[in-house]
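Hello, and welcome to this structure.

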Amino acid sequence: IPKKKIDINQLIKDIYGRLVNFFSIGNKKLTFNEFVNSDRKEDIIMTFLPLLHLDNERRIYLYQEKHFGDIEILIG
């Protein structure tokens, strides 16, 4: 159980803003591992859940070629 409360809506906005900034400077490809850049489970989970939400809203696209492979993040 997390020790402090987290505003998931703000977390989603922050992550989406980071993605928009990344792709707005001309970058074409981003993987989940590059985006998270951490081995802490908390960081991975707190990034993955908002990404799933954004993908469900079709604001971003997540693509994984093979099971347990790296996940590509696209904005379309």
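1. Buried means under 20% relative accessible area, exposed means over 50%, and partly exposed is in between, using a 1.4 Å probe and protein chains only. Please keep in mind that this is a predicted model, where local features need pLDDT of at least 70, side-chain atom pairs count only at pLDDT 80 or more, and totals for chains, interfaces and linings use all residues. Residues are numbered from 1 along each chain as its sequence is written, and side-chain values use heavy atoms, with hydrogens and water left out.

2. What does Arg59 pair with? Arg59 forms a salt bridge with Glu57, with the closest N and O atoms 3.2 Å apart. A salt bridge here is a side-chain nitrogen of Lys or Arg within 4 Å of a carboxyl oxygen of Asp or Glu. Glu57 is partly exposed, at 39% relative accessibility. Arg59 also lies over the face of Tyr16, at 4.2 Å from the ring centre. For such a charge over a ring, NZ of Lys or CZ of Arg must be within 6 Å of the ring centre and within 35 degrees of the ring normal.

3. How many salt bridges are there by this rule? The count comes to three. Arg40 takes part in a salt bridge with Glu42, the closest N and O atoms being 3.5 Å apart, and in another with Asp43, where that distance is 3.3 Å. Arg40 is partly exposed at 48% relative accessible area, as is Glu42 at 46%, and Asp43 is partly exposed at 26%.

4. Helices (H or I, at least four residues) and strands (E, at least two) are DSSP runs, numbered from the N terminus.

5. Leaving aside neighbours within four places in sequence, Ile15 is in contact (heavy atoms within 4.5 Å) with Phe35, Met46, Thr47, Pro50, Leu51 and Leu54.

6. Which aromatic rings pair up? There are two aromatic pairs. Phe22 and Phe23 form an edge-to-face pair, 5.2 Å centre to centre with 90° between the planes. Rings of Phe, Tyr and Trp (its six-membered ring) pair if their centres lie within 6.5 Å; planes under 30 degrees apart count as stacked, over 60 as edge-to-face and the rest as tilted. Phe22 is partly exposed at 25% relative accessibility, whereas Phe23 is buried at 17%. The rings of Phe32 and Phe48 have their centres 5.8 Å apart and their planes at 85°, so this pair is edge-to-face as well. It links distant parts of the chain, with Phe32 in helix H2 and Phe48 in helix H3, 16 residues apart. Phe32 is buried at 8% relative accessibility, and Phe48 is partly exposed at 29%.

7. Two threonines are worth a look. Thr47 lies in helix H3 and is buried, with a relative accessible area of 9%. The side chain of Thr47 reaches the backbone oxygen of Asp43 at 2.8 Å. Beyond neighbours within four places in sequence, Thr47 is in contact with Ile15, Phe32, Phe35 and Val36. Thr31 sits in strand S1 (residues 30–31) and is buried at 11% relative accessibility. Not counting residues up to four places away in sequence, Thr31 touches Asp70, Ile71, Glu72 and Ile73.

Key: Polar contact = N/O pair within 3.5 Å; in protein donor to acceptor, adjacent residues only side chain to side chain.
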